[in-house]
Amino acid sequence: MERFEAEVEGTRLVLVQGDITRQEVEAVVNAANPDLTPGGGVSGAIHRAGGPAVTEAAARLRRERGPLPTGEAVLTPGGNLPAKYVIHTVGPVWHGGTQGEPELLAKAYRSCLSLAVAHGLRTLAFPNISTGAYGYPVDRAAEVALRTVRDFLRENPGKLAEVRFVLFSASDFQAYRAAWERVKGL
Ligand code: ADP
């Protein structure tokens, strides 16, 4: 399995090919839908592996707070996952790039990072938000994700020990690897 590691302001930034449900970090991010129901893709896998503790906590938040707006994030227990918590965020659906998709995707990443820091969590793993069912082109999503995380780490040095991107496919891993070369020096 592919793996790459860099350092940003004292935080490890890791790219790895793998399964988000297997990550031994304090919190994994779920590419959720606004109703916080299991659905397919990453979300189905996280709810399946996490079990009822995840699905029931998500359902309770949905009842109490209504649908989760695009770009926002909420936290539930991780249930049977190795991760103690799941941070659920809703990425934008791709409509061609003219409907604020990059800003909304960046907001989703920032919301997760801020929520993790607010809860004192030190290690966080992201999936490739919006690039599956929501149709966001991977190269562009990778650049937004890496730029947003890099900027957050520069603004919040020392707050996180590790931010990990877990890419399901080898081609997504390579897209992130290439995007990091474009983004890192900027
Ligand atoms: P969205 O609805 O935000 O587009 P998806 O769950 O449909 O989210 O897909 C996001 C990305 O996550 C896709 O690249 C998909 O291949 C990948 N993915 C699916 N299952 C997993 C998993 N178990 N671990 C990591 N990534 C996964």
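Colleague: Which helix gives the largest share of the shell around the ligand?

Modeller: Start by asking which elements the surrounding residues belong to. In this predicted model, helix α1, residues 41–50, contributes three residues to the shell, the largest share. In total, 15 residues surround the ligand. The closest are Ile-20, Val-42, Ser-130, Gly-132 and Ala-133.

Colleague: Which polar atoms lie by the ligand's nitrogen and oxygen atoms?

Modeller: Look for pairs of N or O atoms within 3.5 Å. Asp-19 places a polar side-chain atom 3.0 Å from a ligand nitrogen. Ser-130 uses its backbone instead: one of its polar backbone atoms is 2.8 Å from a ligand oxygen. With Thr-131 we are back to a side chain, whose polar atom lies 3.3 Å from an oxygen of the ligand.

Colleague: How much of the ligand's exposed area does the protein bury?

Modeller: Compare the ligand on its own with the ligand in place. Alone, the ligand exposes 570 Å², and the protein buries 87% of that.

Colleague: Where does the ligand sit?

Modeller: In the largest pocket. That pocket holds about 570 Å³ of space. Its lining counts 26 residues, and those closest to the pocket centre are Ala-31, Gly-41, Val-42, Ser-43 and Gly-132.

Colleague: Which elements supply at least two residues of the pocket lining?

Modeller: Treat the lining just as we treated the shell. Both α1 and β7 (162–167) supply at least two residues each. The largest share, four residues, comes from α1.

Colleague: How does the lining divide into nonpolar, polar and charged residues?

Modeller: The lining has 13 nonpolar residues, eleven polar ones and two charged ones.

Conventions. Residues numbered from 1 in each chain as written. Predicted model: local features only at pLDDT ≥ 70, side-chain atom pairs only at ≥ 80, totals over all residues. Heavy atoms only, no water. Near = heavy atom within 4 Å. Polar contact = N/O pair within 3.5 Å; in protein donor to acceptor, adjacent residues only side chain to side chain. Areas by Shrake-Rupley, 256 points an atom, 1.4 Å probe, with all protein chains shown as cover. 1 Å grid on protein atoms, 1.4 Å probe; cavity = no way out; pocket = protein on both sides within 12 Å on 5 of 7 lines; lining within 4 Å. Sits in = over half its atoms within 2 Å of the grid points. Points joined across faces, edges and corners; volume = space filled by probe spheres on them. Nonpolar A, V, L, I, M, F, W, Y, C, P; charged D, E, K, R; others polar.
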